[in-house]
Amino acid sequence: MPEVRQLSCPNCGAPLQIQDAAHIKTAVCQSCGSQIDLTDPALGILGQFVHGFAPPRTEDILTNAGGVVDLEAELSWNSELGMRYQGARGLRAEVTLFQLDFSNQIVPASVAGGSGAALTSAGRTLHRGVEFAARIGTDAWTDSRHLGWLEVAWTWLPVARFEGARYAWIGTTAPDVPGKVYLAQNAAGTRTPVSVTGNRLPYAPEHLLTAAANYAWDDRFELRLEAAHSHAPAERFLLVEKTWSAEDLVGRQIEIAFAPAGTRVLEDVLASKHGQRVFFVPVLAVRGPDTDAAATQALSAVGDPFAVTGQVLREEAGRVTLDGQPLPLPDPPGDAPRIASLDLAVNAAAFPLVTLELTPSDAQGNIIENLSAAHFLVEEDGRPVPALMERWARPAPRVLLLLDDSGSIPKDFRAEGAQALAQDLATQLKAADPRAQFRIAKVDWERASVGKNAWTDDPAALPAQVQNVSGYGSRLWEALADAARHSPTVIALVTDGQATDANEQVISEPPALPLAAVQAGPPAVVIGVGEVDTAMLQRLGQAGRLGAFTAATRDEAIQAVLAALRDNPPPPYRLSYRAPDGSGSAPRAVRVFERYGAARRPGKTLLAEARYTPPPPAQRAAGAALSGLFLTVQVGDQVVTRTLGGLSTRRNDESPTAGHIADVRRALQGRATLTFEAGAPSLAHLLDDCYTALLSLQPVFEARTRAERLAALAGSPIYLPPVDLHVASIPLPGRADEPLTFEAGLRAALHRVLPGQTADGQPAAVRWLDLLPLAGFRTADADSARAFRLTAQRTARLALAEALIFPKSTVAVMKDKPLRAARTISDIENAPRTASADDAALRRVSDLFAPWLAQRHTILWSPDAGLAGWSVDEQGSVWGVLGGDGAATAGGGSSPSPTTILDGALLISDLAALAGLGGFSFAGGVWLLLASTLYKKLEAATALLAQLPTSPDDPAPDVSGAERIADPSDVVCGLAQSAAFEAISRVGGAFFGEWFSRVVSGVSALDGARSMATGSGFFC
């Protein structure tokens, strides 16, 4: 907990002193004497007794006629005692008793004086009363960004009177008005003095009630990172979230990363293999050129470690838990039980995910439970593999009774017969293990449907569960595979074994993928009733691992289930790991060791070994894993969700595949960055970044020996500005005589970098740039049609830059394709089909554009173009949308050099000007030039570091080229060249017309093309 150095008094701002006595903490003000009870953060006791002094203000002593009123200073003794309550969600209340005892109070000289009347020293006065104030806000019951609150205050002032000798001068004769109160006696002495001691003070009502209704808009920025498990793909669980204000993020970036859990230094990260990492830590790190380590830590968020198979580690009540179950603590070597024998079973149906089930026993044959993961060491083909311990004790039975409700099932096992079967089976299982829980499901097409049924430990609740859910069809394999998503420890399937396909045709061979999923899922016992298909029944029982049995009566069925569970108790330990090599079909050897050797010292003792053969790729189950990673960005009421890997963000009925799971693992290896801008950076900011980088590199280039270079690196670290600068940061062009185009809010761009491969199988980085539709662009113009047209034209240039940066882009994909307009999902789903656009393809297109259509964008797309289109909002902002790897993106492809990207963007500007579209503004060109130059410096430094000698005897590298690149003169030349081209274009265009400006743009384009090809242009 951070140290609290000083607390301030809420009444006067003076320091508070914390006093601790009799288990009560009190904050005492050193100045006004207020005391605050700190024992309850929601309830505070406040009090004060202070001496007040207030001299009259200048405007109080001057009259409207220019005269001066003789006023004395206000002097008082003020005392308060009250209680304040501040609830956790928006409710605040306060009640205070007060007394104000003035030895002199300044009051209006006359009740009838009205506004601007003269003031007078009233002498001694006394005020006593009670004040009550309350506030209730909508944040008390909702998390909406629209905040409203009601404030009410009531003051009861029963005492407000003159206490000292005080007289009022009342007019009685002319020229005074009879009965009027005057400030003083007149010269004639005809006014009558009347004592007002004890009278109520003017402008002091006995009751004062005020109320106010308020509204405010909360501009919080919220980021949520969520995941879905393959067993429950429609249910997302939170990994990490954080809320910021807009000012926290403008000009900064959020790095969304998944750090390997347990690593402390860079060497550990580099040494570990991606495929062997078991736990990852989700991180939301805020970085920027103006954030130091303390600011980064305060603005960033770190979530709980999670496993690639979906489990989450948390620290709860002083214990580490895995999905809520406390992990066993590791025993010291001398205290750990001795394992005499170990039963080992290997399940590779979800290869490369391999599951081990362990049953260790001591010398007396007693099963040992609650050993920690540190007790075991797993090797495959002689190589150690990190394994996740998912279970360390025999679990409480969770029995899912899966009923085949097709018409061929006998009456004794349907309707009332099924209700009796369920209740009697649960009753006997409960007698065998009081911890048992139950749930009813039915075969419903390819699902194990549970309806609204929940897990229960009451057998009497099961007849109602049988009635609550309906079933249809006999797709037994798919339903049995789907049953795993309900998290049972064992499944009991009652069926006749007559399995069908999607067309309700009886099948003789199980489908490959559902078969593999059943083999990889929880154990299942199959009970055949009625006219059974014996061969299929045996295949079901073999895949379920607990066998298949036939039963003529309900009692036979119950006894068969009880016997199967009794003879096959669940092993207490389950470990999972990813095979070191996910390819090949040769048999593999798995060995499990105890980490303690002879005399219980650290070492390893072989406990058991087994062999398995990886199934063919087409016969592998998806297995327990993360099936989706989702990033949700919310600004105000606008919400955008993107898939970082795996399942679609819109469909909840999609079954995860091995491809989805592999995509999630790839996302864990990659990096995503959100950048935020309120506008393009200023020229001074960019110059500062550029020259800071140059100065940080200069000592490295000046060093001549290896030792000097290492010392220079250690003494002056290389300054790295934000790497994710992108062409979307370029300010949109606008000349003095044209309307201005500007962002209508915070601009957020999502950058993703994932590992990929080139066409020849070489490793490569794949990049995406996604401009999130949180804030569009607007053009200030009286003509709304012209404003829309200009906004569309200018924002479309971003897509032109995308076309050069990425090999695959919306421009490239939609070239020469006929476009259609869509304003709703039905416009896409009802579009005429083409040869290349089947139902599945159109469904993917609908998923891609659904978030944009929800924000009332118009989509321009083509059924022949696949996952690509243009999105246009109501202001005319044009967004290129390109689907890639499950995410809506604005570009994708192998990553070229950043220098090439930025040089290419300059070329785009010139080509756009030649085409009559208008190039980037001069500020935008300067930005690109500086960013490109900066990247060249960093590339030169990288090349230099790569040439550092590995031993003192190696010759020093030739750095003459790098030194030339590090020379800032090319920045100056580039700036001068850009300014010259801009000036020539403007002046020449004014004299000779638009054709002259295009000639200048053509020369600039040739210079840019030469710079991209050779590294330098004609002039610089």
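Q: Two strands pair if DSSP finds at least two bridges between them. In this predicted model, how many bridges join strand S19 to strand S20 (residues 301–302)?
A: S19 and S20 run antiparallel. Val283 has Val302 in S20 as its bridge partner. The cut-off for pairing is at least two bridges, and the number joining S19 to S20 is two.

Q: Which residue of S21 stands opposite Phe280?
A: Strand S21 covers residues 306–307 and runs antiparallel to S19. Two bridges join S19 and S21. The residue of S21 opposite Phe280 is Phe306.

Q: Which residue of S19 stands opposite Glu255?
A: Strand S18 spans residues 253–260, and eight bridges join S18 to S19. The two strands run antiparallel. Opposite Glu255, the residue in S19 is Ala285.

Q: Why is S19 described as largely enclosed by the rest of the structure?
A: Strand S19 has nine residues, 279–287. A residue counts as buried when its relative accessible area is under 20%. S19 is largely enclosed because the number of its residues that are buried is eight of the nine.

Q: Which elements do the buried residues of helix H8 pack against?
A: H8 runs over residues 512–520. Its buried residues include Pro514, Leu515, Ala516 and Val518. These pack against helix H7 (476–482), helix H9 (534–544) and strand S35 (545–550).

Q: What share of the residues in the chain is buried?
A: The chain has 22 helices and 51 strands. Its accessible surface comes to about 49400 Å², of which 55% belongs to carbon and sulfur atoms. Of the 1020 residues in the chain, the buried share is 45%.

Q: How many contacts beyond near neighbours in sequence does the model have for residues 263–275?
A: The mean pLDDT of the chain is 75, and 64% of its residues reach 70 or more. Over residues 263–275, however, the pLDDT is below 50. Where pLDDT is low, the predicted coordinates should not be read in detail. With that caution, the number of such contacts for residues 263–275 is nine.

Key. Residues are numbered from 1 along each chain as its sequence is written. This is a predicted model: local features need pLDDT of at least 70, side-chain atom pairs count only at pLDDT 80 or more; totals for chains, interfaces and linings use all residues. Side-chain values use heavy atoms; hydrogens and water are left out. pLDDT is the predictor's confidence in each residue, from 0 to 100. Contact means heavy atoms within 4.5 Å. Helices (H or I, at least four residues) and strands (E, at least two) are DSSP runs, numbered from the N terminus. Buried means under 20% relative accessible area, exposed over 50%, partly exposed in between (1.4 Å probe, protein chains only). Accessible areas come from the Shrake-Rupley method with a 1.4 Å probe; for residues, only the protein chains shown count as cover.
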